Amino acid sequence: ELHTPLGPLSYRARRVGATTTVHLAGGMRPPAGGLVIALPGSRAPARASIDGQPLACLPAAGLVVHQLPARVRFTAAVGGGALRPCPSLHRSPLPHP
């Protein structure tokens with residue numbers, strides 16, 4: 001558990017093959033712009049989703065979560081295509097409340 005000014009942030013991550021799933025617990029109030037999950041490695045993933053909703057593009061900073069709890073899943077691009085970058089650095093590919 002990480003104590004932040006916005007409340008405690010707890011998470012767990014698990015990788016199975018090329019897919020990593022990150023579970024973010026409730027307790028923290030995400031900042032106005034969302035909570036950014038930076039992705040490991042230098043290549044964009046082939047697929048990514050937040051709470052089961054697939055992303056159409058990938059924000060430059062990483063995956064943006066606007067409410068907790070949340071489940072973030074991404075699959076590494078292994079010899080195939082990767083998610084395209086989003087057109088704007090300030091827009092999430094998912095609607096937020």
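A disulfide is a pair of cysteine sulfur atoms within 2.5 Å. Please keep in mind that this is a predicted model, where local features need pLDDT of at least 70, side-chain atom pairs count only at pLDDT 80 or more, and totals for chains, interfaces and linings use all residues. Residues are numbered from 1 along each chain as its sequence is written, and side-chain values use heavy atoms, with hydrogens and water left out.

**Exercise 1. Find the disulfide and describe its geometry.**

Step 1: Searching the whole structure turns up one disulfide.
Step 2: Its partners are Cys57 and Cys86, with sulfur atoms 2.2 Å apart.
Step 3: Look along the S-S bond: the angle about it is 90°, and the link of Cys57 and Cys86 is right-handed.

**Exercise 2. Decide whether the two cysteines are buried or exposed.**

Step 1: Take the cut-offs: buried means under 20% relative accessible area, exposed over 50%, and partly exposed in between (1.4 Å probe, protein chains only).
Step 2: Cys57 has 8% relative accessibility, so this residue counts as buried.
Step 3: Cys86 has 13%, so this residue is buried too.

**Exercise 3. Summarise the secondary structure.**

Step 1: Helices (H or I, at least four residues) and strands (E, at least two) are DSSP runs, numbered from the N terminus.
Step 2: On that basis the protein has zero helices and nine strands.
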